[in-house]
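Dear colleague,

Please find below the structure that I am handing over to you. A short account of the findings comes after it.

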Amino acid sequence: MNTDASVWLHHAQTAGLRPLHIQSKVMLPIVQGGMGVGVSASKLASAVAKLGGMGTISSVDLRRLHPDLMQETAHLDKEPDARQRIDAANLTALDREIKQARQMSQGHGWLAVNIMKALSAYEACVHQAVNSGADALVVGAGLPLDLPDLTRNHPNVALIPILSDARGVQLLVRKWEKKGRLPDAIVIENPRLAGGHLGAAKIADLNDSRFDFEVVLPQVLEFFKTSGLENLIPLIAAGGVSSHADIVRLQALGASGVQLGTAFAVTQECDASAEFKKVLAHAQPQDMVEFVSVAGLPARAVRTPWLDKYLRILPVLQERAHPKAKCNMSFDCLQHCGLRDGLAGIGQFCIDQQLGHALDGDVQRGLFFRGAGRLPFGAEIKSVQDLMHHLLTPLLIEMAAPSA
C-alpha cells in the first residue's frame, strides 16, 4: 500500500469523509489517542502521522522505552535527588520520542503529545513537548485552564483539551477567552465508551446521557454559535469508534474527526509488547471493569488477575490507607495519589508500577486500560495501514487500498 499521505486523504474524501482542519493543517479525520505508560510512543505515533492522521505520544514515564535511561534511574529509591533524576530522564525520553517520530513520519500528518493535567511533572512536560517540536498538546485528566499561559511563547502549537460534556467546554472556553486564546480543537470523550481515565466525577455518572454524542455535540455546537465561535473550534469525538460508518455518523452530528485508542493499541506498530496487545484484543465485554484510579478518576480496564484481586481487597486497603513517607517509584508521578497520600476514598495501588507491568506484557501483575467498544478486527493484530483503510472504507463498497 502507498504510504503517501495525499493519497490517503483523497481516499477518505472519496469515501465521503470530511478532512480534519486544525489551524492551517489538513489531515485525515482520525486521531490516535495517547496511551501511557509507553503504549503510544514514536513508533505508533509516526505510523499514524505518516499516513496523514494525527499520531500521539503519551508523555508518561517514557524512560521505560530507553534502556540507558532505565539503567540510570531504575535503582533510585531513597536518594534525595531521586525524583529530579527520574523526571529529567523522562523529559529526555520525551525529547527523543518526539524527534524520532518526526524523522519516521517524514513530515506527514501531525505529531501530538498527550499530557495528563494530573501529573506532578505536567508543566515540565508541556515545556519539553513544545521545545522538542510537538505540533499539538492534548491535555486531559483535569481542566487545563493554565495551558494558554504555559505555551504563550509557542502560539503555533495547537492546544487541544479533552472534555466530556458541554458544561466543561463552556467553562474552559470562557476561561481561555480571557487569556486571549481559543482551543485549536477539543476532544469530546464519552466516558461510557472510552478506556483509561474517564471524564466523569464518579463511576455512577459514566452512563449519564449528557455524555452521549447525540447530546453533547449539538449542545457544544449551539454554544459556539451563540458565542460567535461557529466553525472556529473543531470537535473530535472519542470513544467507541470502530468503523467508517461510525465516522460518518459522528461527522453528521457535527464532529470534525474521531479519536481511537484501543484500536491503535492492538496494531503491529504499537510500542507495547505483543502480550499487551493480546490481552486487549482478546478481552470480551464481560471482562471489562470500572473502578476509581489512584488519581481519583473513574477508569476502565481489563479484569486481569491483579485487578481482580485488587478489587476484592480494596475495602481493606482503603481502611488501612495512610500517608506514605515516599512514593513507591520515587518520583511522585501524580500531583495527588490515593496510595501515597493516604486518600481512603480513592485507589490504593501504584499506577506507574502496574502500567509498567502491562507495557511489558505481565498478564498476572499488569493494569491493562481498554475502551469498552468492539475492535475492528476482533482478536487479530493488524497494521496501522490496515486499520486506517478499514476506517476510511465504507463496508458495502469495494474500494482498493491506496497503492503505488
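The notes below take up charged pairs, one arginine and its surroundings, a helix, and the aromatic residues.

Please bear in mind that this is a predicted model.

Salt bridges. A search of the whole structure gives 26 salt bridges. In one of them, Arg96 is paired with Asp68, with the closest N and O atoms 2.8 Å apart. This pair connects distant parts of the chain, since Arg96 belongs to helix α4 (residues 82-105) and Asp68 to helix α3, 28 residues apart. Arg96 is partly exposed, because its relative accessibility is 30%; Asp68, at 31%, is likewise classed as partly exposed.

Asp149 and Lys179 also meet through their side chains in a salt bridge, at 2.7 Å from N to O. Here too distant parts of the chain are linked: Asp149 lies in helix α6 (residues 147-150) and Lys179 in the loop between α7 (166-178) and β8 (186-189), 30 residues apart. Asp149 has a relative accessibility of 37% and therefore counts as partly exposed, and Lys179 is partly exposed at 29%.

A further salt bridge joins Arg365 to Asp362 (2.7 Å, N to O).

Arg64 is found in the loop between β4 (54-58) and α3 (67-73). Apart from neighbours within four places in sequence, its contacts are Val37, Met70, Met329, Asp352, Gln353, Gly356 and Leu359. With Asp352, the side chain of Arg64 makes a polar contact of 3.0 Å.

Asp352 is one of the buried residues of α14. This helix, residues 351-359, is mostly covered, as eight of its nine residues are buried. The elements that cover these buried residues include β9 (196-197), α11 (274-282) and α12 (305-319). After α14 comes Gly361, which has a positive phi, near 85 degrees.

Aromatic residues. The structure contains six aromatic pairs. The ring centres of Phe223 and Phe224 are 5.8 Å apart and their planes stand at 45 degrees, so this pair is tilted. Phe223 counts as buried because its relative accessibility is 9%, and Phe224 is buried at 2%. Elsewhere, a single aromatic cluster is formed by Phe291, Trp306, Tyr310 and Phe349.

Arg63 lies over the face of Phe331, 5.4 Å from the ring centre, and the charged end of Lys382 sits over the ring of Phe377, 4.7 Å from its centre.

With kind regards

Methods. Residues numbered from 1 in each chain as written. Predicted model: local features only at pLDDT ≥ 70, side-chain atom pairs only at ≥ 80, totals over all residues. Heavy atoms only, no water. Phe/Tyr/Trp six-rings, centres within 6.5 Å; stacked < 30°, edge-to-face > 60°. Buried < 20%, exposed > 50% of the residue type's maximum accessible area, 1.4 Å probe, protein only. Lys NZ or Arg CZ within 6 Å of the ring centre and 35° of its normal. Helix = DSSP H or I, 4+ residues; strand = E, 2+ residues; numbered from the N terminus. Contact = heavy atoms within 4.5 Å. Polar contact = N/O pair within 3.5 Å; in protein donor to acceptor, adjacent residues only side chain to side chain. Salt bridge = Lys/Arg side-chain N within 4 Å of Asp/Glu carboxyl O.
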